Structure formats: C-alpha cells, structure tokens
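Visitor: I should like a close look at the side-chain interactions of one model, with the criteria stated. Please begin with the aromatic rings and continue to the charged groups.

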Amino acid sequence: MEGAELAGKILSTWLTLVLGFILLPSVFGVSLGISEIYMKILVKTLEWATIRIEKGTPKESILKNSASVGIIQRDESPMEKGLSGLRGRDFELSDVFYFSKKGLEAIVEDEVTQRFSSEELVSWNLLTRTNVNFQYISLRLTMVWVLGVIVRYCVLLPLRVTLAFIGISLLVIGTTLVGQLPDSSLKNWLSELVHLTCCRICVRSLSGTIHYHNKQYRPQKGGICVANHTSPIDVLILTTDGCYAMVGQVHGGLMGIIQRAMVKACPHVWFERSEMKDRHLVTKRLKEHIADKKKLPILIFPEGTCINNTSVMMFKKGSFEIGGTIHPVAIKYNPQFGDAFWNSSKYNMVSYLLRMMTSWAIVCDVWYMPPMTREEGEDAVQFANRVKSAIAIQGGLTELPWDGGLKRAKVKDTLKEEQQKNYSKMIVGNGSVS
Amino acid sequence: MGSRSSHAAVIPDADSIRRETGFSQASLLRLHHRFRALDRNKKGYLSRMDLQQIGALAVNPLGDRIIESFFPDGSQQVDFPGFVRVLAHFRPVEDEDTETQDPKKPEPLNSRRNKLHYAFQLYDLDRDGKISRHEMLQVLRLMVGVQVTEEQLENIADRTVQEADEDGDGAVSFVEFTKSLEKMDVEQKMSIRILK
C-alpha cells in the first residue's frame with residue numbers, strides 16, 4: 001500500500017511541476033529561462049571537453065577536419081578544353097584520357113554521396129553516436145561522458161517523452177474540439193492558439209532552442225513558404241512561430257489521426273496517395289488555396305527529401321509553378337548539440353525520435369527572407385534555382401544542382417545523354433567526318 | 001552516422017600497399033576513408049553497384065568501362081588494395097619517382113607506360129592485348145550514345161585503326177597505341193593530385 005501511495009505522490013508532484021514550469025508558459029508563449037540555463041551549462045561543458053580533447057590527441061588527427069573540403073585538385077574546365085579543344089576536331093585515341101580522369105576523380109570524391117550521411121563534427125560533443133575518431137583521453141572526460149549518459153537517458157528522456165505525449169494528445173483533442181465550432185474569427189483564433197501551444201510543448205520536448213531572424217519577413221496569408229529540408233522536425237520548428245497550412249500525403253496510424261484532427265480546425269491540404277501522382281490536380285488545389293487570401297500560407301519543402309543540412313539540393317519546380325508570392329526560409333541546425341538529420345534509409349521514425357530525445361538539444365537558426373515572385377521571362381526552373389541560391393547563401397549552405405532523389409535511385413539516363421551529346425558534337429562537328 | 005576515419009593500424013598491409021602504389025601515408029588514409037564511405041553496407045569490399053551509385057560516375061560516358069577496370073579477371077568484388085592499385089595509376093609523376101629508378105624494382109604504377117596501359121585496357125574489351133576494329137566501334141558507341149549514326153561511327157573507327165595500325169593486322173596493339181600517342185603529355189592528362 002505504502003509503495004503505491006508513494007508512487008502516486010511522486011507522479012502527481014512530477015505532473016504538477018511539468019504543468020507549472022512547462023505547459024502553462026507554453027500557452028502564453030513565455031519562457032521561464034530554464035532552457036537557457038541548461039544551454040549555458042551545456043556549452044561550458046562542451047568547451048571544457050573540447051579543450052581536454054585537443055590537449056590529449058596528437059597533431060595527426062587534424063587531418064580529418066578537412067572532410068568537407070575538396071581533397072583533390074580539380075580542373076573544372078569544360079569538356080571542350082579538357083579534350084584539348086578546337087571545335088569540330090575529330091576523334092582521337094587520347095580522348096579517353098579526359099573521361100577516365102573525370103571518372104576517377106568522381107570515384108575519389110563526389111559532392112553528392114557525402115550529403116546523405118550525417119555531418120562529421122570537428123570536435124566531439126560527448127555523445128557516443130558521434131564518437132568517430134576519439135580515443136580515451138582521460139578519466140575525467142570519461143566521467144563527464146558517463147554523467148552525460150545518465151542525465152540524458154534517465155532525466156531528460158522521461159521528461160521529454162512525457163511532454164511529447166502531452167503535446168500530441170492536446171493537439172488532437174484541442175483541434176477536434178475547435179473543429180466543432182462554426183466558422184468564425186473566434187474559431188481561427190482558437191485554432192491558432194491550440195496549434196501554437198502544442199507546437200511549443202513539442203519543441204520543448206526536444207529541448208529545442210530556436211533563433212528566429214528577420215521576423216518582419218514572416219510568411220503572410222495567401223503566400224507559399226519554401227524551406228530546405230533536413231528532418232520532419234523542420235515542420236515543428238516553423239509552426240512554433242506561425243501557423244501554416246501543410247501539404248502532404250495522408251498517412252495511416254498516428255500521423256493519420258493527427259492529420260485528420262488538424263484539418264478540422266484549420267484547412268490543411270492533405271492528398272490521398274493516388275492524388276499525389278496527378279500533378280495537375282495537386283497544382284489546382286494549391287492554386288485554389290492561395291487564391292483565398294484569408295487562408296494560411298502553404299508550407300512546402302521543394303527538395304522532396306531530407307538532406308544532411310550542409311547543402312541545398314535541386315528544388316523541384318512543381319511548387320514554383322503555382323504562382324503567388326514565395327517566402328523563402330533558411331533553416332540551419334547546429335550539429336554540436338544534436339544531429340537533426342533523418343537518414344530514412346538507416347533509421348525509422350521511432351528510432352529517429354528516440355535519437356532526437358536523447359541528444360543534448362536541438363539548436364537551430366531560422367532566417368525569414370524577403371518575398372520573391374517569378375519575374376518576366378523566367379521559367380519555373382530558373383525561378384526555383386534563384387530561390388535555392390538565396391536560401392543557400394542565407395543559411396551558409398553549399399548549393400548543389402543534383403536531385404535529392406539520388407539518395408535512393410540511380411542517376412537518370414538523360415544526364416549521361418547530355419554528356420554524350422556534347423562529345424558527339426565535337427567529334428562529328430558540322431556533319432562532316434573525314 | 002558519418003563514416004569512420006581510419007588509423008594506420010586499421011588499414012591492413014598498409015606498408016606493402018604504400019610501397020606498391022607510392023601513395024603517402026596521408027593520401028592512403030584519405031583513400032581508405034573514401035573506400036569505407038563508398039562501402040555502404042560495410043562489407044569490406046566494393047561491388048559494381050557501390051561504384052554505380054556515384055552520380056558523377058554514372059553520367060560519365062565511359063563510366064561502365066571505368067568501373068570494369070576495378071574488376072580484372074572477372075571478379076565481382078574489389079578490396080582496398082585493389083581499389084588503391086587502380087587509383088595509383090593516376091598518381092602524379094613526381095621527381096623522386098624518375099630519379100631513383102632502381103632497375104631491380106618493378107615499374108611504378110604511375111609511370112607513363114602504366115598510365116597508357118590503363119587507357120589501353122579501357123578500349124580492349126576482351127583483354128587480348130589488341131584493340132580490334134569491333135572493340136573500337138563498341139567503345140565509340142559508349143561515348144556518343146545515340147547521337148551518331150552507325151555509318152559515321154564506322155568511318156571514325158576505320159580511320160583511327162588505320163592510322164595507328166603499323167603491322168597491318170587490322171588491330172591496334174599496345175606498342176602501336178603507345179607510338180601513336182608518343183607526343184601526348186600523358187603524365188599531365190592522366191593525373192589526379194590529392195591535396196595534403
């Protein structure tokens with residue numbers, strides 16, 4: 001009897017603390033500063049750890065710091081120059097030199113493969129999962145690491161799971177309740193309140209610290225918001241600061257329940273799987289949505305897949321054909337505190353969330369950027385590239401022309417055909433062959 | 001998670017590989033890092049599919065021939081020493097290589113002759129030591145895709161074989177190949193410099 005009473009008391013105290021310190025402030029969008037203190041302690045600890053590691057390791061390991069910098073000297077001259085070029089010259093036996101050199105260069109180093117695995121850290125952040133190259137340095141460091149493990153798994157994880165659970169249930173219940181109301185401005189205000197509160201709770205469940213820059217450019221109603229994609233958490237991060245209409249497929253299970261509940265309170269655009277294939281239908285529905293200036297801005301991730309937050313890959317042109325004003329947003333995570341990248345081929349959703357909840361924190365910067373519209377004589381692809389460059393520059397990411405779909409599929413043959421075309425033009429020239 | 005970088009102790013036979021290929025310790029470490037990054041399933045060797053996943057290689061018109069060069073003698077796997085052996089052909093020729101030419105040691109993999117031999121076997125599909133007209137046609141077809149007619153291609157192949165063929169056997173042997181390219185700056189065109 002006593003054991004049960006004690007357990008009951010602990011549980012109720014625990015819940016009251018959580019309610020008081022975390023849930024209530026979330027409703028009002030106020031922060032009590034607990035996370036800030038946690039972050040300060042964390043930063044100091046990691047700095048100390050870095051200094052100790054640098055003292056401990058020999059100079060050789062500085063070698064691997066340039067993992068993201070090119071390791072071979074590249075000659076980026078176009079095919080004509082590389083083939084010692086006068087145009088319209090004939091085939092030579094030595095032409096094969098150029099192609100083999102380019103091929104071997106790609107084997108030694110290519111820009112794409114490295115973007116689909118997590119970024120390597122310059123110095124260890126006391127998480128086992130990032131322990132790529134750090135050997136045993138000292139007893140004190142190991143003790144701190146053990147302490148870190150205990151704190152993360154025994155203190156932070158239960159807290160975070162509780163918060164996530166509360167956040168999601170509140171979202172589903174809240175939106176269903178609000179959905180019962182007739183359409184009115186009260187309904188919109190309430191639905192915004194519910195959305196924002198639950199998102200804030202969920203962000204705290206990940207110990208998220210987000211800095212928003214240039215809030216004056218926050219996406220307005222009737223516009224389209226585009227951002228670079230690193231993980232499903234991107235959605236959470238953006239919706240904490242404003243409400244968006246989301247676009248996506250209808251899922252089953254828990255996601256499906258959440259989606260159905262959310263759409264009752266506020267018009268999101270969910271598609272059935274079969275509808276997604278029909279691009280015209282998708283474009284039509286999105287056009288209808290933004291035509292209504294009272295509806296919330298649409299949130300789209302044009303890359304189509306998760307990239308590891310060191311670069312921005314090709315933006316699919318579909319989102320840029322709808323018209324309307326595009327509000328670009330750049331999201332950059334700080335990998336020192338936790339790696340937010342979702343490697344969907346390696347981890348499923350549940351293990352990904354567990355990894356998130358056992359990291360130190362999720363720290364990121366969000367930059368809102370001035371709105372852009374398609375200019376005269378610019379087609380969708382050029383416009384997409386312009387927006388992509390702007391986001392890459394703002395977020396400090398490199399820009400790549402490759403399609404994120406390369407993660408799963410092989411390269412399209414059309415790209416190879418282009419190279420073949422270029423070469424053929426050279427050796428066959430103006431149709432005359434000697 | 002990111003791929004693991006490696007210590008010298010982790011690379012098996014590091015010393016013998018270094019002697020055979022001439023790569024510095026630092027370059028060898030980088031290449032080992034890259035080998036492990038390409039080996040997605042951590043098998044310890046690379047298959048053709050691992051190399052085909054490289055986007056920039058898959059769009060290369062000679063991509064398939066280059067991938068084949070890693071699998072001599074019909075094997076299906078290439079381990080790290082085999083991987084480095086092919087890459088060693090593209091090591092830039094440094095002064096130290098030409099000066100200390102010990103007649104007892106085998107020719108370094110990045111000598112002019114070996115570079116030319118690498119290019120030769122990109123053409124020599126059946127590895128019989130000769131590039132026949134038929135093989136020339138097939139490789140040309142790889143490089144131009146569907147952009148050139150069969151007739152034009154045959155003309156180019158005939159002309160090329162005739163120009164290089166000296167003993168009139170209708171095929172280009174390695175010696176003839178070398179002779180026709182004697183003025184070409186092979187060392188510079190077939191070299192990839194790994195930055196320190």
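Guide: The account below takes aromatic pairs first, then charges over rings, salt bridges, cysteines and confidence.

This is a predicted model, in which local features need pLDDT of at least 70 and side-chain atom pairs count only at pLDDT 80 or more, while totals for chains, interfaces and linings use all residues. Residues are numbered from 1 along each chain as its sequence is written, chains are lettered from A and ligands numbered from 1 in the order in which they are written, and side-chain values use heavy atoms, with hydrogens and water left out.

A pair of aromatic rings is described by the distance of the centres and the angle of the planes. Rings of Phe, Tyr and Trp (its six-membered ring) pair if their centres lie within 6.5 Å; planes under 30 degrees apart count as stacked, over 60 as edge-to-face and the rest as tilted. By this criterion the whole structure has 14 aromatic pairs over all chains. One of them is stacked, because the ring centres of A:Y212 and A:Y368 are 6.2 Å apart and the planes are at 10 degrees. This pair connects distant parts of the chain, with A:Y212 in strand β1 (residues 208-213) of chain A and A:Y368 in strand β8 (residues 362-368) of chain A, 156 residues apart. Helices (H or I, at least four residues) and strands (E, at least two) are DSSP runs, numbered from the N terminus. A:Y368 is buried, at 0% relative accessibility; buried means under 20% relative accessible area, exposed over 50%, and partly exposed in between (1.4 Å probe, protein chains only).

In chain B, the rings of B:F35 and B:F83 are tilted, because their centres are 5.3 Å apart and their planes at 55 degrees. B:F35 belongs to helix α2 (residues 25-38) of chain B and B:F83 to helix α6 (residues 80-88) of chain B, so the pair ties together parts 48 residues apart in sequence. B:F35 is buried at 4% relative accessibility, and B:F83 is buried at 0%. Ring pairs join B:F35, B:F70, B:F80 and B:F83 into a cluster.

A charge sits over a ring if NZ of Lys or CZ of Arg is within 6 Å of the ring centre and within 35 degrees of the ring normal. B:K43 lies over the face of B:Y45, 5.5 Å from the ring centre, and the charged end of B:R48 sits over the ring of B:F71, 4.5 Å from its centre.

A:R218 and A:D241 form one, at 3.3 Å from N to O. A:R218 is partly exposed at 29% relative accessible area, whereas A:D241 is buried at 11%. A:K284 bridges to A:E288 at 3.5 Å; the two are four residues apart in helix α10 (residues 279-291) of chain A, so about one helical turn separates them.

A:C154 is exposed at 54% relative accessibility, while A:C364 is buried at 0%.

Chain A has a mean pLDDT (the predictor's confidence in each residue, from 0 to 100) of 78, with 81% of its residues at 70 or more. Over residues 60-69 of chain A, pLDDT stays under 50. Where pLDDT is low, the predicted coordinates should not be read in detail.

Conventions
Contact = heavy atoms within 4.5 Å. Salt bridge = Lys/Arg side-chain N within 4 Å of Asp/Glu carboxyl O.
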